[in-house]
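Reader: I would like to learn how to read a helical model, one feature at a time. Could you take me through it?

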Amino acid sequence: MALSPASDFAVYYDAAVRLRVLGWEAVYEPDNLTPFKYHPVVLYLFWPFSFLPFLWAKLVWTVANLWFLSDGTRRFRQTWGFSWGVASLSLLCVIHALTWQIKFLNVTLLLFWCLSFSGEQTTKYWRAGLATSLLILIKPFWIPLLLWQFATRKTKELMWALVFLAVLGMAPFIVAPKAHLLEFWWASLADPLHAHNFPKNDNQTWFGLWYRYSGGTTLWIVWGLGAGLSFLAWMASWWTGRRTARGGWGLVSLVPFILFAAPLSWIHHQIWLLPLFAVWIQRKGEWGLLGIVWLLLNGTGELALGRGGFIWAHQAGVPLVGFLLLQWVAWRFRFRSSVLR
């Protein structure tokens with residue numbers, strides 16, 4: 001099935017219209033090719049769009065995405081101290097991810113914006129907690145954020161995150177107790193047979209690589225292993241990050257590992273690597289290594305290999321090597337506090 005422009009946003013929009021017109025019972029339909037599979041509270045974010053014609057709703061969401069990118073980058077700049085010039089160069093490093101985001105208009109830039117709040121140095125702990133809860137509710141593989149907050153003794157941010165998770169997470173089930181939301185949401189999220197779930201061809205995670213070449217018969221075991229590896233990596237973030245000038249470094253530097261280990265990771269998620277590339281560029285040097293990582297993550301590009309070669313590169317797991325190389329660079333940075341000042 002050919003994907004049309006803003007096809008991901010079209011799923012959110014359609015689900016919002018169904019909610020407004022027909023109620024919750026019409027939202028989760030596993031028989032659809034691309035069912036709405038997010039937590040029910042996420043749909044409340046898109047409910048206002050249902051009052052607009054689709055083209056106008058898409059335009060408003062596009063403007064919002066530009067705001068998420070701009071303001072998120074500004075917040076990362078304030079946290080890490082890099083210039084707009086460096087930010088522009090780092091944006092070139094994730095340009096393929098940005099073009100995919102423009103094409104599909106999903107929630108990736110909203111999560112980028114939330115991530116910028118989770119890592120900033122602020123006394124508005126509720127704001128960091130709300131951002132963390134949204135990250136987890138939209139993409140559950142961000143649960144290690146809670147472990148990071150616990151390990152780095154960000155007690156207030158953690159408490160606010162747990163409060164928002166409880167309130168936002170349970171609200172839809174309380175508001176519509178007879179709609180069987182928990183049952184239908186979980187079935188839509190977990191079923192690996194539906195498009196845009198685990199077996200999608202351009203899934204770049206180690207889970208996706210394993211699934212493509214083994215058939216994916218032990219789905220939950222592999223997902224559990226990924227979660228366990230993520231836990232160990234985030235604990236390593238705490239142990240090494242406390243030696244650096246900025247305690248939040250562990251948050252940004254482990255984005256490559258999240259992309260590598262999480263069950264679902266698409267090309268457009270690489271936008272989250274922007275602050276890591278910015279720190280790397282600001283360090284000045286290793287431009288050859290930066291170029292290699294760029295080629296690995298972009299599959300050397302469709303212009304160089306053609307569409308067939310590009311698909312082969314991703315199915316063969318080429319981006320996974322880029323994630324691992326980025327992780328290695330990030331670990332080196334952690335032990336050099338001068339880089340982060």
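This is a predicted model: local features need pLDDT of at least 70, side-chain atom pairs count only at pLDDT 80 or more; totals for chains, interfaces and linings use all residues.

Reader: How is the reach of a helix judged, say for H7?

Author: The expected span is 1.5 Å times one less than the number of residues. H7, residues 125–138, has 14 residues and reaches 20 Å from its first C-alpha to its last, close to the 20 Å expected. H7 is also largely enclosed by the rest of the structure, because 10 of its 14 residues are buried. Among them are Arg127, Thr132 and Ser133, along with Leu135, Ile136, Leu137 and Ile138.

Reader: What do the buried residues of H1 pack against?

Author: First, a general point: an α-helix has 3.6 residues a turn, so residues three or four places apart point the same way. In H1, the buried residues include Phe9, Tyr12, Tyr13, Ala16 and Leu19. The buried residues of H1 pack against helix H2 (40–46), H3 and H5. H1 has 16 residues and a reach of 22 Å, close to the 22 Å expected. After H1 comes Gly23, with a positive phi near 95°.

Reader: At what angle do H1 and H3 pack?

Author: Two packed helices are described by the angle between their axes and the distance between the axes. Axes are lines fitted to C-alpha atoms, for helices over the stretch in contact, and angles run from 0 to 180 degrees between N-to-C directions. For H1 (residues 7–22) and H3, the angle is about 120° and the axes are 11 Å apart. Phe9, Ala10 and Tyr13 of H1 meet Phe54, Ala57, Lys58 and Trp61 of H3.

Reader: Which side chain makes a polar contact with that of Asn65?

Author: A polar contact is a pair of N or O atoms within 3.5 Å; within protein, one must be able to donate a hydrogen and the other to accept it, and residues adjacent in sequence count only if both atoms are side-chain atoms. The partner of the Asn65 side chain is the side chain of Gln101, at 2.7 Å. Asn65 is found in H3 (residues 54–80) and counts as buried because its relative accessibility is 3%. Leaving aside neighbours within four places in sequence, Asn65 is in contact with Gln101, Leu105, Asn106 and Leu109.

Reader: Where does Leu105 lie?

Author: Leu105 is in the loop between helix H5 (95–104) and helix H6 (108–119). Leu105 is buried, with a relative accessible area of 6%. Its phi is near 55°, a positive value in a residue other than glycine.

Conventions:
Residues are numbered from 1 along each chain as its sequence is written. Side-chain values use heavy atoms; hydrogens and water are left out. Helices (H or I, at least four residues) and strands (E, at least two) are DSSP runs, numbered from the N terminus. Buried means under 20% relative accessible area, exposed over 50%, partly exposed in between (1.4 Å probe, protein chains only). Contact means heavy atoms within 4.5 Å.
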